[in-house]
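Work through the exercises below with the model open. Try each task before you read its solution.

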Amino acid sequence: PVMKSGFGVFLFQVLGSLFYAYYIFVRLCIPQFRNSSQETFNLRGLVLCIFNSILPGVLILFLVFFAFLHCWLNAFAEMLRFADRMFYK
């Protein structure tokens, strides 16, 4: 049996999504907490740190959901030929 090319596309999307989530985490989240560890603890700094990491956190959450629920599960469906439309005929 010949495997469809959809498996490779979905696998590439998983790797691309995880790489982009890593990039967002390294460029937006880690510097925020690295700077906060050098300062004295105060409530204002904590609130600013949390609010500045909300948007990157939501983006990472969407990317992980896309990578797992869409790409990873569809890659296995293609690999196992579960999504084959000829199955129902």
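**Exercise 1: Phe-10 and its partners**

Task: find which residues Phe-10 is in contact with, leaving aside its neighbours within four places in sequence.

Solution. Step one: list the partners. Phe-10 is in contact with His-70, Cys-71, Asn-74, Ala-75 and Glu-78, once neighbours within four places in sequence are left aside. Contact here means heavy atoms within 4.5 Å.

A note on the source: this is a predicted model, local features need pLDDT of at least 70, side-chain atom pairs count only at pLDDT 80 or more, and totals for chains, interfaces and linings use all residues. Residues are numbered from 1 along each chain as its sequence is written, and side-chain values use heavy atoms, with hydrogens and water left out.

Phe-10 is found in helix H1. Helices are DSSP runs of H or I with at least four residues, strands are runs of E with at least two, and both are numbered from the N terminus.

Step three: check its cover. Phe-10 counts as buried because its relative accessibility is 15%. Buried means under 20% relative accessible area, exposed means over 50%, and partly exposed lies in between (1.4 Å probe, protein chains only).

Step four: compare sequence and space. Phe-10 and Ala-67 are 57 residues apart in sequence, yet their C-alpha atoms are 8.7 Å apart.

**Exercise 2: the whole chain**

Task: state how many helices and strands the protein has.

Solution. Step one: count. The protein has 3 helices and 0 strands. Step two: read the order. From the N terminus on, the elements run α-α-α.

Step three: look at burial. The protein has 89 residues, and 20% of them count as buried. Step four: look at the contacts. Take those between residues at least 6 apart in sequence: 83% join residues at least 24 apart.

The protein exposes about 7400 Å², and carbon and sulfur atoms supply 72% of it. Such areas come from the Shrake-Rupley method with a 1.4 Å probe; for residues, only the protein chains shown count as cover.

**Exercise 3: helix H3**

Task: find where the kink in H3 is centred.

Solution. Step one: set the limits. Helix H3 covers residues 54–79, which is 26 residues. Step two: check its span. H3 reaches 36 Å from its first C-alpha to its last, close to the 38 Å expected at 1.5 Å a residue. The expected span is 1.5 Å times one less than the number of residues.

Step three: find the kink. It is about 25° and is centred on Ala-67. The bend at a residue is the angle between axes fitted to the seven residues ending there and the seven starting there.

Step four: list some buried residues. Among those of H3 are Ile-60, Leu-63, Ala-67 and Cys-71. Step five: go past the end. H3 is followed by Arg-81, whose phi is positive, near 60°.

**Exercise 4: the largest pocket**

Task: name the residues closest to the centre of the largest pocket.

Solution. Step one: note the volume. The largest pocket has about 240 Å³. Step two: name the residues.

On a 1 Å grid over the protein atoms alone, a pocket is an open set of points where a 1.4 Å probe fits, with protein on both sides within 12 Å along at least five of seven lines; lining residues have an atom within 4 Å of a point. Grid points are joined across faces, edges and corners, and a volume is the space filled by probe spheres set on the points.
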